[in-house]
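Look at the sequence and the model first, then read the points below.

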Amino acid sequence: MKTTQNNPSTSKRITAVILLLLFHITPLLLAQQAPPALLPLPQQVEWHNKQTAVMRVAVENDAHRPLIKEIIEGKGGIITEKSAIQLNITRVENIPEAPVNQEEAYRLTISKKEIYIEATNDKGEFNALQTLRQLITIKNGKPFAPCCKIVDWPAFGIRGFMHDVGRGYISIEELKREIANLSKFKINVFHWHLTEDLAWRLESKLFPMLNDSSNMMRLPGKFYTITEAKELEAFCQQHQMLLIPEIDMPGHSAAFTRALRHDMQSAEGMKLLKLLIDEVCETFSNSPYLHIGTDEVHFTNPAFVPEMVSYIRAKGKKVISWNPGWDYKRGEIDMTQMWSSRGRPTPGVPAIDSRLHYINHYDAFADIVGLFNSNIAGVKRQDEQHAGAIIALWNDRHVEKESEILLQNGFYPAILTLAERTWRGGGDAYLDQRGTMLDPEGSEGFNQFVDFENRMLHFKSSELIGLPFAYVRQSNVRWRITDPFPNGGDLTSSFPPEKALQENYTHKGKTYQTSLVNGAGIYLRHVWGKTVPAFYDNPQPNHTAYAFTHVYSPKDQTVGLWVSFQNYSRSEKDLPPQQGKWDYKESQIWINNEAVMPPVWTNTHQTKTNEIALGNENFEVREPLPIQLKKGWNKVLLKLPVGEFTTHEVRLVKWMFTAVFVTPDGLCGVNNLVYSPDKTIPQTK
């Protein structure tokens, strides 16, 4: 074999050429690098392939100076009197490109020497500054922003979240943390559900017995003082967030009756309630709305609702009411909030969509896909009938800790998904038509979700680091799932599991097939049954399905496993699984032919009650199961019987599964794993 010796002069010439190429190519690569992650994604973005340093910024006027200081200094820069780069905010009459919500629209232009914001008022300026916060990234210890032009506006004016603190309690400090964090993503409404059958959580100086521990059926002594309520109202205003307090009437008012000894709908009850309304309106003097509930109640006094609406309006407040609830006509109410699939807009009255946005029933993964794909109330952008959407957390079942309320309800993933959809608008169809399945891999819808998921996970590990956030990448998780009942057949529990590892197979004279799907959480039948489409078009009780995949690991390693076969809703009295069982349906999981046993369940009670707090039934609040993956392909097989759709132990049987590998601490997904039922490693471009 012929060999050649290296020539020193040749090596020098090659090195010189490489350095020359790097000299010319590096600026080009820097200019063409991926733009910063933005959430929600702006309506119009024009990137200019340049960037500017924002180490020293001169602010031309005093508008929003504290927020600008927080943003610039938070990224490592400083505010100075004079600098090569100026930040200027200008008021304009309108943003012509915005077809709706002019008051929140803005134009943001970044050049080498200027950050220029145009908006019609404070709201638009605030939104522009939150986008600027996301645009600034740190490189080599210094803050830079890409040169660009952004024209942006929200498709819907109401983009919010609700906490049911009547059944639970969340501290003022935690509420402030959420408001501050979510305002960065242009969430602009906090709906505060303050009263319930279990407890009246807002202090009353007139009727202190409302807050007495003896009149609270859960978390006695936990309530918000008037000072705290005023403080939170001011905090919301500072963050351009509308506070909507709710005093539920005349339903969900057992706490009122216990304390004051009168039903709300009685003549004496109405007198006392009006005094309370005076106090509430004074407490929330700067909030334009008061929510009055009116849902889930038998109306014994037909004058109650009209009289209360009239009384509140006379005090200068607008009134919001649940729908279904009281049957309003045009002009009789200022806004409705639709709950359940039966909710419908009242003609001529703006409606908030919370119909299928009750995240106390949501799965951590599948329902995020559904929420992302769904439009808002059946429309793509705001009109006179449709104002926006609010996600709601209803903790009928006691949940012990604040962090667990957020974890088990998938709070941050859900609200960030809603932030994207309500700002951007669009969506293929409503959740009851679109369902919760990811589009086929490689399709436009799939790619849009992947892009959103990347951006959401970026902010999980940056702006929201350390917060309760039980979500990891799921778009790369692939399964094959069997058809359990072709032509009336069934893969019973006696079916040999190894047969499910074939793409098509015959059993007892019937040909079974598998379908390829993506996702870490898959509903075979949704929690809301036929209302929301799931994997099976027509799921039947007493059937068994199988799901399988292979996972390629580049090395021997110990990982964590999130796995579950029943999401335990935070508003159900469900009994915990029996020890040694994953659920009451006999679900099972094998990894490399070894059965994975469930954890020791912390709850063991056999009497259904809302007052025994959820334990570790849901995977989000327990340590991931330690799993040893071998180098190469690892087989994962799930057996998924369903039994009846309603049982004594679990009211809302969810025919579903969640399975994904995470780091042993559960904070992140595991890098470099490939999920492929067919043992195929995707080709990288």
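Lys274 and Glu307 form a salt bridge, with their closest N and O atoms 2.5 Å apart. Lys274 belongs to helix α7 (residues 267–283) and Glu307 to helix α8 (residues 304–314), so the bridge ties together parts 33 residues apart in sequence. The model is predicted. Side chains of opposite charge can pair when their charged atoms come close.

**Exposure of Glu307**
- Glu307 is partly exposed, because its relative accessibility is 34%, between the limits of 20% and 50%.

**Glu611 and Arg218**
- A salt bridge joins Glu611 to Arg218, and the closest N and O atoms are 2.7 Å apart.
- Glu611 sits in the loop between β24 (594–595) and β25 (625–629), and Arg218 in the loop between β10 (189–193) and α5 (226–238), so parts 393 residues apart in sequence are tied together.
- Arg218 is buried at 4% relative accessibility, whereas Glu611 is partly exposed at 38%.

**Glu463 and Lys75**
- The side chains of Glu463 and Lys75 also meet in a salt bridge, at 3.9 Å from N to O.
- This pair links distant parts of the chain, 388 residues apart: Glu463 is in the loop between α13 (444–460) and β17 (478–482), and Lys75 is in the loop between α2 (65–74) and β3 (78–80).
- Lys75 has 19% relative accessibility and counts as buried, because buried means under 20%.
- Glu463 has 21% and counts as partly exposed.

**Network and total**
- Asp164, Arg167, Glu196 and Asp396 are linked in a network of salt bridges.
- The count of salt bridges comes to 31.

Conventions
Residues numbered from 1 in each chain as written. Predicted model: local features only at pLDDT ≥ 70, side-chain atom pairs only at ≥ 80, totals over all residues. Heavy atoms only, no water. Salt bridge = Lys/Arg side-chain N within 4 Å of Asp/Glu carboxyl O. Helix = DSSP H or I, 4+ residues; strand = E, 2+ residues; numbered from the N terminus. Buried < 20%, exposed > 50% of the residue type's maximum accessible area, 1.4 Å probe, protein only.
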